[in-house]
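Hello,

Here is the structure I promised to pass on to you. Have a look at it first, and then read my notes below.

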Amino acid sequence: MDKGKLYAIGVGPGDPELLTLKAKRILEAVDYLFIPVSREDKRSIAFSIITKVVKKDWKIIEVLVPMTNDLVILQESWDETAKKISEVLDQGRDCAYITLGDPGTYSSFSYIHKSLVALMPNLKVEIIPGITSYQAISAWVNKPLVEGQENLTIVPAVQNREKISTQLDNFDNIVFLKAGKKYREIDEILKQKGISARLTLASRFGFEDGFYTEDLNELNGKELDYLTSLLVKK
């Protein structure tokens with residue numbers, strides 16, 4: 001029996017209208033859908049996006065991708081997800097794994113893919129790119145990410161102060177992802193260094209409660225969720 005094919009689909013940053021036509025076509029075609037969740041009782045944001053565009057009764061398999069830095073726990077979850085996907089593919093059935101943003105940019109899929117290849121060396125897989133949060137935010141706030149001879153780095157904000165400081169020194173434009181708990185520290189480092197920069201914080205792009213601001217004082221130090229990015233332009 002021929003093995004099935006896996007589609008890793010980026011569903012974009014939140015606005016259902018940014019789901020690509022190719023992603024929509026494949027989601028309409030597959031019967032099995034793998035949905036990553038960070039907790040067993042938590043609703044999938046990626047799934048909520050696609051159901052606004054695609055109406056289908058999939059065979060849904062939720063897979064746990066815990067929010068932890070423990071590599072042992074993470075590897076166990078990636079291996080378990082790969083095993084579940086391989087069981088469907090072994091039946092000759094095509095399936096899709098959905099992820100926020102793009103599968104190739106800070107996505108759980110890149111790790112699951114490695115585990116799958118170890119299980120199935122002849123894995124048939126197609127990665128469907130999605131619009132990233134930083135692309136969408138750049139358009140939302142009407143500011144280019146990078147121009148001319150400038151450089152750009154895109155990094156998670158969940159790193160130590162020394163690394164953040166180094167990036168602020170070395171790049172003209174920095175996008176800090178998952179900055180909801182770190183934007184105050186980044187602003188503080190900039191001030192301590194005397195670096196003049198324009199800051200734009202954007203949170204929950206594409207959702208009803210989404211907003212952006214260029215004045216961090218408006219936030220009164222409020223802690224925001226992980227769907228928050230900080231754009232720094234020097």
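**Between the two domains**

Across the interface of domain 1 and domain 2, the rule finds zero salt bridges. Polar contact is found there too, but for one residue pair, with both residues at pLDDT 80 or more. Please keep in mind that this is a predicted model.

To put that in context, domain 1 covers 6-128 and domain 2 covers 133-233 of the protein chain. Eight residues from domain 1 and twelve residues from domain 2 make up the contact. Taken over C-alpha atoms, the centres of domain 1 and domain 2 are 28 Å apart.

How much area is buried between domain 1 and domain 2? The figure is about 870 Å², and carbon and sulfur atoms give 74% of that area. On the side of domain 1, the residues that lose the most area to domain 2 are Pro-13, Ile-45 and Tyr-106, which together account for 53% of what that side buries. By residue class, the side of domain 1 that touches domain 2 has five nonpolar residues, two polar and one charged.

**Inside the structure**

A search of the whole structure turns up one cavity of 30 Å³ or more. The largest cavity holds about 40 Å³ of space. Which residues line the largest cavity? Its lining consists of Pro-144, Leu-145, Asn-173, Ile-174, Val-175, Leu-231, Val-232 and Lys-233.

Happy viewing, and best wishes

Technical notes:
Residues are numbered from 1 along each chain as its sequence is written. This is a predicted model: local features need pLDDT of at least 70, side-chain atom pairs count only at pLDDT 80 or more; totals for chains, interfaces and linings use all residues. Side-chain values use heavy atoms; hydrogens and water are left out. Domain bounds come from an automatic or database domain assignment. Contact means heavy atoms within 4.5 Å. Buried area is the accessible area (1.4 Å probe) that two parts lose on being put together, summed over both. A salt bridge is a side-chain nitrogen of Lys or Arg within 4 Å of a carboxyl oxygen of Asp or Glu. A polar contact is a pair of N or O atoms within 3.5 Å; within protein, one must be able to donate a hydrogen and the other to accept it, and residues adjacent in sequence count only if both atoms are side-chain atoms. Ala, Val, Leu, Ile, Met, Phe, Trp, Tyr, Cys and Pro count as nonpolar, Asp, Glu, Lys and Arg as charged, and the others, Gly among them, as polar. On a 1 Å grid over the protein atoms alone, a cavity is a set of points where a 1.4 Å probe fits but cannot get out, and a pocket is an open set with protein on both sides within 12 Å along at least five of seven lines; lining residues have an atom within 4 Å of a point. Grid points are joined across faces, edges and corners, and a volume is the space filled by probe spheres set on the points.
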